[in-house]
Amino acid sequence: MLIGNVGKDEPKVKYYDRDQAYATFSLATTERGYTLPNGTKVPDHTDWHTIVMWDRLAKVAERYVHSGDKLYIEGRIRYRSYDDQKGRRRYVTEIHAETMELLSPRPLPQNAPEEPETDEDKPF
């Protein structure tokens, strides 16, 4: 389970086998810094994760996920390796998402009417 913000690049989506989709993007998770009882300050720590989505979830990401959005992701960690163009072995760690929830509020369209005030919203 991860809660974080989408990196500067929006999801890269590729289609294969007619209508099947594959999406990847980066997600940053941050542990907030703190101060120890002895006064030592521990700074924030940010980790970057590569998120992989398939099919329906990839299409949702393509349409609704943007740079900077806050997301909740559930998935499985996967490790793989490959040989680069120079023949060196490279290792990759990815999160294969199974569930995603958008946590960033969406702005109202400019031509949408505002919600009417109710008596509960008015000050005394």
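1. The side chains of Asp84 and Arg90 form a salt bridge, with N and O 3.1 Å apart. A salt bridge here is a side-chain nitrogen of Lys or Arg within 4 Å of a carboxyl oxygen of Asp or Glu. Through salt bridges with shared partners, Asp84, Arg88 and Arg90 belong to one network. Side chains of opposite charge can pair when their charged atoms come close.

2. This is a predicted model, in which local features need pLDDT of at least 70 and side-chain atom pairs count only at pLDDT 80 or more, while totals for chains, interfaces and linings use all residues. Residues are numbered from 1 along each chain as its sequence is written, and side-chain values use heavy atoms, with hydrogens and water left out.

3. Asp84 is buried, at a relative accessible area of 17%, whereas Arg90 is partly exposed at 35%. Buried means under 20% relative accessible area, exposed over 50%, and partly exposed in between (1.4 Å probe, protein chains only).

4. The structure holds seven salt bridges. One of them joins the side chains of Glu98 and Arg76, at 2.9 Å from N to O. Glu98 lies in strand 8 (residues 89–102) and Arg76 in strand 7, so this pair ties together parts 22 residues apart in sequence. Strands (E, at least two residues) and helices (H or I, at least four) are DSSP runs, numbered from the N terminus. Glu98 is partly exposed, with a relative accessible area of 49%, and Arg76 is partly exposed too, with 46%.

5. Arg80 and Glu94 also meet through their side chains in a salt bridge, 3.0 Å from N to O. This pair links distant parts of the chain, with Arg80 in strand 7 and Glu94 in strand 8, 14 residues apart. Arg80 is partly exposed at 41% relative accessibility, but Glu94 is buried at 6%.

6. Asp69 sits in the loop between helix 1 (55–64) and strand 7 (70–83). Asp69 is buried, with a relative accessible area of 8%. Its side chain reaches the backbone nitrogen of His66 at 2.9 Å. A polar contact is a pair of N or O atoms within 3.5 Å; within protein, one must be able to donate a hydrogen and the other to accept it, and residues adjacent in sequence count only if both atoms are side-chain atoms.

7. Leaving aside residues up to four places away in sequence, Asp69 touches Gly4, Asn5, Val6, Tyr64, Ser104 and Arg106. Contact means heavy atoms within 4.5 Å.
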